[in-house]
Amino acid sequence: MIQAVPHVSHVVQAIQLSVAPVFLLAGIGGLLNVCAARLARVVDRARVVEDRLTRAHGPEHDRLLHEIRTLDRRIGVCNASISLAVVSACLVCMVVTLLFANQLFSNRLDTPIALMFVGAMLSVGIAFALFIVETRLGSSVVRIRAEILSHQEEGQE
């Protein structure tokens, strides 16, 4: 038996259902943009610190070593956040695809659609949580040292 082509109203309904996930994709794209920019800045800073670390001695060496370790952690957290955001975006794309397929197959794909959407939201939620972790790590290294805050110009007392 030949299955009938879906009516235009079914396609319109599928498009209407797809609008919200498409906006979600735009938000995930924004998160990816911010995370990629932060990752690039962290990598650039790590290169500078790595170069200075090889020539440093004493307390300066210890401070730079602590900073490079923190930068390494930040790179890992950024990469994890980016990976989860990409997984979420892929799941959202699958949700949109399945919404259309659902119209073709007489509403038999409700459960996979729901599960993929839940997976997408969990992934993007964890990606945002990792973004917060990364910003906190970044803030912890950038604290201004007490000796700098109390530094006076030579000759002044």
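S123 touches L84, V87, S88 and L91, leaving out residues up to four places away in sequence; contact here means heavy atoms within 4.5 Å. This is a predicted model, where local features need pLDDT of at least 70 and side-chain atom pairs count only at pLDDT 80 or more, while totals for chains, interfaces and linings use all residues. Residues are numbered from 1 along each chain as its sequence is written, and side-chain values use heavy atoms, with hydrogens and water left out.

S123 sits in helix α3; helices are DSSP runs of H or I with at least four residues, numbered from the N terminus. Is S123 buried or exposed? S123 is buried, at a relative accessible area of 10%, where buried means under 20% and exposed over 50%, with a 1.4 Å probe and protein chains only. Other buried residues of α3 include I113, G119, A127 and V141.

Now the helices. The expected span is 1.5 Å times one less than the number of residues. α2 has 47 residues and reaches 70 Å, close to the 69 Å expected. Just after α2, S106 has a positive phi of about 55°.

Last, the lining of the largest pocket. By class, this lining has 4 nonpolar, 3 polar and 6 charged residues. Ala, Val, Leu, Ile, Met, Phe, Trp, Tyr, Cys and Pro count as nonpolar, Asp, Glu, Lys and Arg as charged, and the others, Gly among them, as polar.

Methods. Helices (H or I, at least four residues) and strands (E, at least two) are DSSP runs, numbered from the N terminus.
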